[in-house]
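Try each task before reading its solution.

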Amino acid sequence: MFGKRGSDGFGKAGGVVSPKPPMAAPDASTARGPEVLQEASGTMTADVRQPVQPPPLAPQQVTAARRRTTRDEGYYDTKSQVFSALIDTIDLSQLSKLDGESAREEIRDIVNDIITIKNFAMSIAEQEELLEDICNDVLGYGPLEPLLARDDIADIMVNGAGQTFIEVSGKTIESEIRFRDNQQLLSICQRIVSQVGRRVDESSPICDARLPDGSRVNVIAPPLSLDGPALTIRKFKKDKLTLDQLVKFGSITQAGATLLQIIGRVRCNVIISGGTGSGKTTLLNCLTRYIDGHERVITCEDTAELQLQQPHVVRLETRPPNIEGEGEITMRDLVKNCLRMRPERIIVGEVRGPEVFDLLQAMNTGHDGSMGTIHANSPRECLSRMESMIAMGGFSLPAKTVREIISGSVDVIIQAARLRDGSRRITHVTEVIGMEGDVIVTQDLMRYDIDGEDASGRLIGRHVSTGIVKPHFWDRARYYNEEKRLAAAFDQMEAASN
């Protein structure tokens, strides 16, 4: 397609090389400084960003990325000159038509020619690092790319240009990845949020967004963030977790996993409760795998994260207000609109406010099997939080009435927790029974007991049965022909506890 190299020495004839005259070495009057990097890694390259992720880095490239420390001015000066020549040479409209791998190859060819013609004194390793940096800046997310390529990282936390932390195996450690300055970091943040139609700047300094792979992104920019933009990315694993894998990791027992499968299968209304980073969304994704393929499922999220595999899924996402403060679509708006879309199940990614009332109403009016997540540290606290959220919405209902709505809507609360050693466990599977007086009655079907810790500081514990052999949703399980499997799961839990 691209033929042989042109006579100017840059790139290939008929390819992505701009028909401009050959670029001479920049002098003091024409050389462009670091602002070119900002321009090239911001607005100019937004058009060539493909909706696919760039290929994973080779192991040696990842290793090199981990060794990087803050670069000196000489590195950025060289990169600025190479970038200037690249932008003057390359045809961005042609580059945007290529897939990620082909675009990287074109950029690498042209950058190699520029380095040779300008006679920069660089080792092979330094040249390879510069090539990778420029490719990441033009096509990807700059210094973030090596971290995004690693599947062992759960969270990326950037606290301004000079400090980046990552979470690996439940532990937070500092990474050696750095940004040139806060302006480069802000440009990358703007590129991320612009892909989902959002913006972040001084007039709108807080933004939630997502990456093409579904990873959740939060940005808070100056003046609210005093030391530069703060970027937080909750990464999704490329391979979606299943309940069987959670069993392998020790998050739950095999009998407990069977219980959760049945809960999802027989259309119990489920609330997944847990703290930040406890694995609520992961667990919700696992449970949705057991929804029948013929059911119409509608998801409502602030930032689309759920990865449902069923064929009949409608995904809805909230919208923040525009610069004039108008046009906002709240979670409550989405949940209320769901009821007009003939849903069979409604899945709310995270319940944070008055929308909990609409979700409970949906659960109580024929949309069995609906699910949602909520921030709470125990099943009992989860119920209190829902009661408080309804009060926040301005509903002037007696407390007993609110509790009756909750107890009549929610069937099961699944509590997830991130323990102090970094491990994640399902600590409670709790059934909501009903009301006794003014109190909501619950019973634990299974819980996680901590026995101590080993020499390395890892917590030792086990999932135990609470002695319940016939849950409140037994008749529902019988209706779906799951009572034998449910009885076997309780027998296994009881045997494992003795």
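Predicted model: local features only at pLDDT ≥ 70, side-chain atom pairs only at ≥ 80, totals over all residues.

Residues are numbered from 1 along each chain as its sequence is written, and side-chain values use heavy atoms, leaving out hydrogens and water.

**Exercise 1.** Find how the axes of helix α14 and helix α16 cross.

Step 1: Locate α14 at residues 355-363 and α16 at residues 399-409; their axes come within 8 Å and cross at roughly 50 degrees.

Step 2: Classify the angle. Under 35 degrees is roughly parallel, over 145 roughly antiparallel, 65 to 115 roughly perpendicular and the rest oblique, so α14 and α16 are oblique to each other.

Step 3: List the residues in contact (heavy atoms within 4.5 Å). Phe357, Leu360, Gln361 and Met363 of α14 meet Ile405, Ile406 and Ser409 of α16. These contact residues comprise five nonpolar, two polar and no charged.

**Exercise 2.** Is Ser225 buried or exposed?

Step 1: Go to the loop between β5 (216-220) and β6 (230-234), where Ser225 lies.

Step 2: Apply the cut-offs: buried is under 20% relative accessible area, exposed over 50%, and partly exposed in between (1.4 Å probe, protein chains only). At 13%, Ser225 is buried.

Step 3: Look around Ser225. Not counting residues up to four places away in sequence, Ser225 touches Ile220 and Ala230.

**Exercise 3.** Which residues does Leu260 contact, leaving aside neighbours within four places in sequence?

Solution: Leu260 is in contact with Leu243, Ile252, Leu283, Leu287, Ile414, Ile426 and Val429.

Conventions
Axes fitted to C-alpha atoms, helices over the stretch in contact; angles between N-to-C directions. Helix = DSSP H or I, 4+ residues; strand = E, 2+ residues; numbered from the N terminus. Nonpolar A, V, L, I, M, F, W, Y, C, P; charged D, E, K, R; others polar.
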